[in-house]
Amino acid sequence: MSAPFAAIETATATSAMAALANCTATIGVVSGIEAVFDNGYATAFADISGSAPSLLLPTSDVGSAAAGDAITVNSASYTIAERQDDGTGMTRLVLEAV
Amino acid sequence: MTHARQQIREAVATALTGLTTTSTRVHQSRMRPVGDTGLPCLLVSTDTEEITQSMQTRLYRDLTITVRGFAKATANLDDTLDTIASEVEMAMQSAGTLSGKTSSGLVLRRIDVDMDDTLDKPAGVIALQYQAQYFTAAGTPGTIV
């Protein structure tokens, strides 16, 4: 038997993403995944500037993707650096530029 | 006349300009972050200085100079940082006394490495800390004696 609220969590996450998504992603052979892409300004050591790309999407859309896998966001190629499941139906993928 | 600290810092920056990995991307006491197009690069700073009066008219100065190398890379970042350190060490050795600005050359005291995965590619810094001794006339910090 699945967790009592698993289906509700998935439905809620999918509905929220349909309203909030700002990009489409391709993970493995699955394309057209709606997600929120965050690529804001960031610094390292306060001496190097750049951006910190990450992708927020329903956990159900991530499948078995893991660190090291390739991912495409708005036609740009990245590698998954870290997978962070929040345990409530959403996942943040920390991305690394290729 | 410019302070001896500035003269030494500028001489170090000159000695480090044109290295294979960091080329002309050598900065002195830079305050603003460097973007992708400015990497890999070197940052030269003159830091702590201990001063003792050896004679009434002469100050003995012990200056810490830090050379930090910055790089971003998806692979072998540690190799890139170590290559930067290798090039810096050779250039600093060749610089000798910086045309007499220091009394006994530049002595490498310490190396620190740090890495950060905040950005779109892993970033790293390798800091080489040097010590330089020199004398100035009391009251005229720009005059190296």
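This is a predicted model: local features need pLDDT of at least 70, side-chain atom pairs count only at pLDDT 80 or more; totals for chains, interfaces and linings use all residues.
Reader: What makes a stretch count as a helix or a strand?
Author: Both are DSSP runs, numbered from the N terminus: a helix is H or I over at least four residues, a strand is E over at least two. By that rule chain A has 2 helices and 8 strands. Its order along the sequence is α-β-β-β-β-β-α-β-β-β. Chain B has 2 helices and 6 strands, in the order α-β-β-β-α-β-β-β.

Reader: What box do the C-alpha atoms of chain B fill?
Author: Roughly 55 × 30 × 25 Å, taken along the principal axes. The C-alpha trace of chain A spans about 50 × 30 × 25 Å along its own principal axes.

Reader: Why is S23(B) called partly exposed?
Author: The relative accessible area of S23(B) is 27%. Buried means under 20%, exposed means over 50%, and partly exposed is in between (1.4 Å probe, protein chains only). So S23(B) is partly exposed. S23(B) sits in the loop between helix 1 (4-16) and strand 1 of chain B. Its phi is positive, about 50 degrees, although S23(B) is not a glycine.

Reader: What makes S29(B) partly exposed?
Author: Its relative accessible area is 37%, so S29(B) belongs to the partly exposed class. S29(B) lies in the loop between strand 1 and strand 2 of chain B. S29(B) is not a glycine, yet has a positive phi of about 50 degrees.

Reader: Why does D117(B) count as exposed?
Author: Its relative accessibility is 61%, so D117(B) counts as exposed. D117(B) is in the loop between strand 4 (106-116) and strand 5 (123-137) of chain B.

Reader: What part of each chain is buried?
Author: In chain B, 46% of the 145 residues count as buried. In chain A, 33% of the 98 residues do.

Reader: Which peptide bond is cis, and where does P40(B) lie?
Author: The bond from L39(B) to P40(B) is cis, with omega near -10 degrees. P40(B) lies in the loop between strand 1 (26-28) and strand 2 (41-55) of chain B.

Reader: How many residues of each chain take part in the contact between the chains?
Author: Chain B gives 22 residues and chain A gives 16. Contact means heavy atoms within 4.5 Å. The area buried between the chains is about 1,400 Å², and carbon and sulfur atoms give 61% of it. In chain B, P33(B), L119(B) and D120(B) lose the most area to chain A, together 38% of what that side buries. Buried area is the accessible area (1.4 Å probe) that two parts lose on being put together, summed over both.

Reader: What makes a space a cavity and not a pocket?
Author: The grid has 1 Å spacing over the protein atoms alone. In a cavity, a 1.4 Å probe fits but cannot get out. A pocket is an open set of points with protein on both sides within 12 Å along at least five of seven lines. Lining residues have an atom within 4 Å of a point. Points are joined across faces, edges and corners, and a volume is the space filled by probe spheres set on them.

Reader: How many cavities of 30 Å³ or more does the structure hold?
Author: It holds 1. The largest cavity has a volume of about 40 Å³. D47(A), R30(B), R32(B), V34(B), C41(B), L43(B) and F70(B) line it.

Reader: Which residues lie nearest the centre of the largest pocket?
Author: A81(A), V94(A), D117(B), T118(B) and L119(B), out of 13 lining residues. The largest pocket holds about 230 Å³ of space. Strand 8 of chain A gives the most to its lining, with 3 residues.

Note on methods: Residues are numbered from 1 along each chain as its sequence is written. Chains are lettered from A and ligands numbered from 1 in the order in which they are written. Side-chain values use heavy atoms; hydrogens and water are left out.
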